[in-house]
Amino acid sequence: MSMEMKNGTNVQEFTLEGFPAVQHLGKILFLVHLLAYLASIAGNAVIVTITCADSRLQTPMYFFLSIFSFFECCFTSAVIPKLLVFFLFGKQTISFAACFTQAFVFVFLGASGFLLIAVMSVDRYLAICKPLHYTTIMNLRTCCLLVTACFALGFTLMACLVVKVSQLSFCGPHVIPHFFCDLGPLIHLSCSDTRSVETLLFVFALCVLLTSLIITITAYSHIVVTIIGLPSAKERQKAFSTCSSHLIVLSLMYGSCVFIYMKPKQVNRLDSNKEAALVNTVVTPLLNPVIYTLRNKQVHQALRETRSRMKI
């Protein structure tokens with residue numbers, strides 16, 4: 001049975017609009033975003049590599065960070081290459097199947113990433129607030145189960161959502177006012193009654209983002225209370241510096257996604273969604289390696305030793 005018969009659509013491909021208002025700056029924007037993309041991929045790849053190569057970094061914290069970095073590489077690679085093509089050539093077409101594949105990969109990795117952030121926050125809470133029980137609770141089996149749960153829950157929720165959206169009818173127009181296939185703009189293009197699908201998108205986004213946010217805020221609140229109780233002013237300053245850096249990046253991630261997804265009605269916000277999506281797909285993946293790991297002394301030591309071995 002053809003895709004057209006399955007979803008009752010006359011549209012076999014979509015046109016991604018990109019950023020027509022700044023197309024005259026295409027080459028400059030291409031260079032800026034290419035450098036940001038390469039830096040993000042390189043930074044996250046370094047984290048994955050040294051975590052696997054250095055035995056001292058094979059702890060729960062770095063295990064989660066390496067998985068998160070792998071997520072970030074896949075997440076940005078699902079979107080940014082198409083964005084770079086936009087800046088060079090303008091509007092691009094994408095087939096119906098490819099569009100929904102991209103939409104699924106994007107929301108699956110995004111949802112799984114937010115769930116993993118909650119797990120990482122709990123890991124930091126246990127390490128700082130419950131150090132005597134930390135190694136017993138966060139063993140390898142528990143870490144693997146938590147990561148698997150993030151994958152499984154993200155996959156199940158987002159697969160149901162994307163399948164539901166793909167079953168809508170698309171009779172035209174076929175121009176998506178975005179630089180990648182996101183679910184909100186796709187729902188807006190449908191000529192079906194989309195109220196139930198929009199509600200489902202809102203509910204799933206609420207479940208993933210709000211659950212992750214509550215867990216993260218609770219964990220960091222306990223961490224801050226523990227930090228305040230530290231006897232050394234230098235230790236407190238160092239800990240607060242690290243926590244504040246984490247919270248800045250988390251605020252950007254949660255803020256942009258709340259703005260995009262956690263409102264039932266998508267129609268009047270599609271243009272502003274593009275700018276918010278750039279924060280999540282370009283800015284935070286670039287900052288994460290610096291904030292989470294590359295400022296860490298253990299990582300610096302591992303990088304120096306790796307460079308020394310390569311020279312030998």
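Hello everyone. Before we go on, some housekeeping. This is a predicted model, in which local features need pLDDT of at least 70 and side-chain atom pairs count only at pLDDT 80 or more, while totals for chains, interfaces and linings use all residues. Residues are numbered from 1 along each chain as its sequence is written, and side-chain values use heavy atoms, with hydrogens and water left out.

Now the overall picture. The protein chain has 12 helices and 3 strands; these are DSSP runs numbered from the N terminus, with helices being H or I of at least four residues and strands being E of at least two. Of the 312 residues in the chain, 46% are buried. If you take contacts between residues at least 6 apart in sequence, 80% of them join residues at least 24 apart. Contact here means heavy atoms within 4.5 Å.

Back to our threonine. Thr284 sits in helix α11, which covers residues 270–294. Setting aside neighbours within four places in sequence, Thr284 touches Glu72, Val249, Leu252, Met253 and Val279. Let's follow Glu72, which lies in helix α3. At 6% relative accessibility, Glu72 is buried too. With the neighbours within four places again left out, Glu72 is in contact with Asn44, Thr284, Pro285 and Asn288.

That takes us to helix packing. Two packed helices are described by the angle between their axes and the distance between the axes. The axes are lines fitted to C-alpha atoms, for helices over the stretch in contact, and the angles run from 0 to 180 degrees between N-to-C directions.

Helix α2, residues 26–53, packs on α3, residues 60–77, at about 150° with the axes 9 Å apart. The two are therefore roughly antiparallel; for the cut-offs, under 35 degrees is roughly parallel, over 145 roughly antiparallel, 65 to 115 roughly perpendicular, and the rest oblique. The crossing of α2 past α3 is left-handed, meaning that the near helix is turned anticlockwise from the far one by less than a right angle, with clockwise being right-handed. On the α2 side, the residues that meet α3 include Tyr37, Asn44 and Val48, and on the α3 side they include Phe63, Phe70 and our Glu72. By class, this contact has 10 nonpolar, 7 polar and 1 charged residues. Here Ala, Val, Leu, Ile, Met, Phe, Trp, Tyr, Cys and Pro count as nonpolar, Asp, Glu, Lys and Arg as charged, and the others, Gly among them, as polar.

Helix α2 has another partner. Its axis and that of α4, residues 80–89, come within 8 Å and cross at roughly 160°. That makes α2 roughly antiparallel to α4. Among the residues making the contact are Phe30, His33 and Tyr37 of α2 and Leu84 and Phe87 of α4. The class count is 10 nonpolar, 2 polar and 1 charged.

Next, α5 and α7. Their axes come within 8 Å and cross at roughly 145°, and the crossing is right-handed. The contact includes Phe100, Phe104 and Phe108 of α5 and Phe151, Phe155 and Met158 of α7. Its residues divide into 19 nonpolar, 3 polar and no charged.

Finally, the aromatics. How many aromatic pairs does a search of the whole structure find? The search gives 17, where rings of Phe, Tyr and Trp (its six-membered ring) pair if their centres lie within 6.5 Å, and planes under 30 degrees apart are stacked, over 60 edge-to-face, and the rest tilted. Phe100 and Phe170 have ring centres 6.1 Å apart and planes at 65°, so the pair is edge-to-face. Phe100 lies in α5 and Phe170 in the loop between α7 and β3, so the pair ties together parts 70 residues apart in sequence. Phe100 is buried at 6%, and Phe170 is buried at 0%. The rings of Phe179 and Phe180 are also edge-to-face, with centres 5.1 Å apart and planes at 65°. Ring pairs join Phe19, Phe75, Phe87, Phe106, Phe179 and Phe180 into a cluster.

Technical notes:
Buried means under 20% relative accessible area, exposed over 50%, partly exposed in between (1.4 Å probe, protein chains only).
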